[in-house]
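Take a walk through this structure.

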Amino acid sequence: MLPDATERLRFREMSEDDLDAMARLLGDPTVMRFYPRPKTRDEALEWIRWNERNYADHGHGLWIIETDAGEFLGDCGLTLQPVDGEQVLEVGFHVLPGHQGLGYASEAATACLRFAQDVLGAAYVTAIINPDNTLSRRVAEKLGMALEQHTVVHGQPVVVYSRRLST
């Protein structure tokens, strides 16, 4: 299953056929500026395989987001992430630099929150963000999320935003 299409966006599962696009996205220094470093092509392939496992194991993962015309914009979706010894459902997103600031991340993430609530029956969703990433923090706030805590995830300091969903 996938999130419903929005006014401007559609979702699909990523596959190895998306390696060129995902390597471009995850290898971009602007997109990855709040990660330890941009990902290599091999790491982008592992990212795709991780999401394929997520689809099979959990029924969700990060999905490709594209325009109705099929233009690749990035990825957005739901993954389980470790926070303070607990697995939490996180909404995450990456958008190509030329398409940032146009509301695509907020639009896609809103559709993912609806999917989390309506399809998964989730009561709670988080966004795990580098403290310096003001754009992603703004997206989380647009989604109605509130700052919950400062902690460390995967060895990096983060802020965790959260939102209760009505179920």
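**From the surface inward**

A nonpolar surface patch of about 290 Å² is formed by Met-1, Val-119 and Leu-120. Patch residues have over 30% relative accessible area and no salt bridge; like charges are joined within 9 Å, and nonpolar side chains (Val, Leu, Ile, Met, Phe, Trp, Tyr) within 5 Å. A salt bridge is a side-chain nitrogen of Lys or Arg within 4 Å of a carboxyl oxygen of Asp or Glu. Accessible areas come from the Shrake-Rupley method with a 1.4 Å probe, and for residues only the protein chains shown count as cover.

The model is predicted: local features need pLDDT of at least 70, side-chain atom pairs count only at pLDDT 80 or more, and totals for chains, interfaces and linings use all residues. Residues are numbered from 1 along each chain as its sequence is written, and side-chain values use heavy atoms, with hydrogens and water left out.

Met-1 lies in the segment before β1 (9-12). Helices (H or I, at least four residues) and strands (E, at least two) are DSSP runs, numbered from the N terminus. Met-1 has 69% relative accessibility, so it counts as exposed. Here buried means under 20% relative accessible area, exposed means over 50%, and partly exposed lies in between (1.4 Å probe, protein chains only).

Now go to helix α1. This helix spans residues 19-26, and Met-22 is found in it. Six of the eight residues of α1 are buried, so the helix is mostly covered. The buried residues are Leu-19, Ala-21, Met-22, Ala-23, Leu-25 and Leu-26. They pack against α2 (41-58), β2 (62-67), β3 and β4.

What does Met-22 touch, leaving out residues up to four places away in sequence? Its contacts (heavy atoms within 4.5 Å) are Met-14, Gly-27, Ala-44, Trp-47, Ile-48, Ile-64, Phe-72 and Asp-75. Met-22 is buried, because its relative accessible area is 0%. From Met-22 to Gly-103 the C-alpha distance is 20 Å, and the two are 81 residues apart in sequence.

Next come two strands. β3 (residues 72-83) pairs with β4 in the antiparallel sense, over ten bridges. Strands pair if DSSP finds at least two bridges between them. Strand β4 covers residues 86-95, and eight of its ten residues are buried, so the rest of the structure largely encloses it.

The hairpin of β3 and β4 has two residues between the strands. Asp-84 is found in that loop. Its phi is near 50°, a positive value in a residue other than glycine. Most residues other than glycine have a negative phi. Asp-84 is exposed, because its relative accessible area is 51%.

His-154 sits in the loop between β6 (146-153) and β7 (156-164). At 60% relative accessibility, His-154 is exposed.

How many disulfides does a search of the whole structure find? It finds zero. A disulfide is a pair of cysteine sulfur atoms within 2.5 Å. The sulfur of Cys-76 has its closest cysteine sulfur in Cys-112, 3.8 Å away, so the two are too far apart for a bond. Cys-76 is buried at 0% relative accessibility. Cys-112 is also buried, with a relative accessible area of 0%.
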